[in-house]
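Subject: Model handed over, with notes

Hello,

Here is the model you asked about, with the sequence alongside. Please open it first; my notes come after.

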Amino acid sequence: MGNPSEPDATPINDSMGDDLGRQAGPAAEPTVEGAFANDGVDLTLIRWMLQRSPTERLRAAQALIDATWVLRNQSET
Amino acid sequence: MKPDFFELFRALDCAGVEHVVVGGVAAILEGAPIATLDLDIVCRFDDDNLHRLVILLEELEARYRDPAGRDIRPTLDRLESNEVNLLETKLGPLDVLQRIGSGWSWDEVVARSHVLKVGDLEVRVLGLASIIESKMVANREKDRAMLPVLRRTLEEK
């Protein structure tokens, strides 16, 4: 996530695919069609998690906690 | 204390405490995009393992998350007499359970689990289908709220 050495921090440009095997198309327009299940669950977020190793998944959860703690401490001072 | 899941895993591993990770952290390791603050584990409740657990909890300065705010340490007797032990440690909240689901025994929990590589550690984690089943059995509002994400994650795996 915030670590530049992490694969998910690799910037995506128009001329090459990214580490997740996506091929960047020329001037493709984003869409949310198919992004959500009919119960509202964000399938793109699930796929994002599933493309990561268990270590990376836990690192993402830990990063969220760490960031929350920083914000909480800042708001207390 | 800020939860540190990696350090909690390392502490459990170093102490040799036999356990299976369940609950929210297990769901995350299995790929569900959810957030949680506590580490839930089911432990083997035999004398040797409980002894190792008590020593570890002492090192982690564990106390019960007592609603009345009392300072209660987890002793061997207390751990054994409570099926659910909600603890606060210097590495964050740690819930030590004797059972999960519809009273699954230790052997059954192990049979429903598998080992995942987390960093340089091997961590035994309850499988996602069993996590879902345990949430259905618990049937609290917070468990029901999590079910759609868990079910979709299982479908996508």
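Predicted model: local features only at pLDDT ≥ 70, side-chain atom pairs only at ≥ 80, totals over all residues.

Chain B

The secondary structure of chain B consists of seven helices and seven strands. Read from the N terminus, the order of these elements is α-β-α-β-α-β-α-β-β-α-β-β-α-α. The radius of gyration of chain B is 15 Å, close to the 15 Å that the globule rule gives for 157 residues, so chain B is as compact as a globular protein of that length. Taken along the principal axes, the box filled by the C-alpha atoms of chain B is roughly 40 × 35 × 30 Å.

Of the 157 residues in chain B, 39% are buried. As for contacts in chain B between residues at least 6 apart in sequence, 60% of them join residues at least 24 apart.

Contact between the chains

How many residues of chain A are in contact with chain B? There are 18, and they meet 21 residues of chain B. On the side of chain A that touches chain B, the elements giving two or more residues are helix H1 (43-50) and helix H2 (54-76) of chain A. H2(A) gives the most to that side, with nine residues. By residue class, the side of chain A that touches chain B has 13 nonpolar residues, two polar and three charged.

Regards

Definitions and conventions
Residues numbered from 1 in each chain as written. Chains lettered and ligands numbered in written order. Contact = placed C-beta atoms within 7 Å. Helix = DSSP H or I, 4+ residues; strand = E, 2+ residues; numbered from the N terminus. Nonpolar A, V, L, I, M, F, W, Y, C, P; charged D, E, K, R; others polar. Rg over C-alpha atoms; globule rule 2.2 N^0.38 Å. Buried ≥ 20, exposed ≤ 12 C-beta atoms within 10 Å, placed from the backbone.
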